[in-house]
Amino acid sequence: IAVVLLGAGAVAVLAANRDSKVGEQNAAVEVAGDELPAFEESGVSSSDDPAIGLVAPTLTGTTFSGEPLTLGPDGTPKVVYFLAHWCPHCQAEVPKIQELINSDQVPEGLEIYAVSTAVDPSRGNFPPESWLDVENFTPVTLKDDSGSPALQAWGGLSFPYVVYLDGDNRV
């Protein structure tokens, strides 16, 4: 019994120490501009996506490191991945994205970002900041608010959700 109690205590201390190094997993996000239409998955090909040609709203918030981040028109093409820590498809996608980055397969001039959204402490793989650190995920990641306004403003309904933008923030 003493060994079990000691082991349980050690696990609790390690978990507390791990979580104490991790900041808040959600943050306020300001959305400026018209929302994109929701992307209906079934029966829609990418050429039929009603968001093509529309300007995505500008998102302003913070990263896991606490730095301010704005995803808006700045002349640079972007790929933005919306990820949920508990999503098995996101968990499979993140290492593949990082592999492309590590092998220099990202086209020159293209920036890759992520948005951590749909954070739920009761679901697996929490906290997302730790998960992305373990994966050595290097794209700058915006923290979405608990109501997922960034995901909703950009038309996301499922995960992972990816939006490709030109330098004018046009889908």
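Colleague: Which residue in S2 does Glu30 stand opposite?

Modeller: Keep in mind that this is a predicted model, where local features need pLDDT of at least 70, side-chain atom pairs count only at pLDDT 80 or more, and totals for chains, interfaces and linings use all residues. Residues are numbered from 1 along each chain as its sequence is written, and side-chain values use heavy atoms, leaving out hydrogens and water. Strands here are DSSP runs of E, at least two residues, numbered from the N terminus, and two of them pair if DSSP finds at least two bridges between them. S1 (residues 30–32) pairs with S2 (residues 58–62) in the antiparallel sense over three bridges, and there Glu30 faces Thr60.

Colleague: OK, and which residue in S3 stands opposite Gly61?

Modeller: S2 also pairs with S3 (residues 68–71), antiparallel again, over four bridges. In S3, the residue opposite Gly61 is Leu69.

Colleague: What is the phi of Gly66 in the turn?

Modeller: S2 and S3 make a hairpin, with five residues between them. Gly66 sits in that turn, and its phi is positive, about 90°.

Colleague: How many disulfides does the structure hold?

Modeller: A disulfide counts as a pair of cysteine sulfur atoms within 2.5 Å. For Cys87, the nearest cysteine sulfur belongs to Cys90, 3.1 Å away, and Cys87 is in no disulfide. Cys90 is in none either, its nearest cysteine sulfur being that of Cys87. The number of disulfides is zero.

Colleague: Is Cys90 buried or exposed?

Modeller: Buried means under 20% relative accessible area, exposed over 50%, and partly exposed in between (1.4 Å probe, protein chains only). Cys87 has 3% and is buried. Cys90 has a relative accessible area of 0%, so the word is buried.
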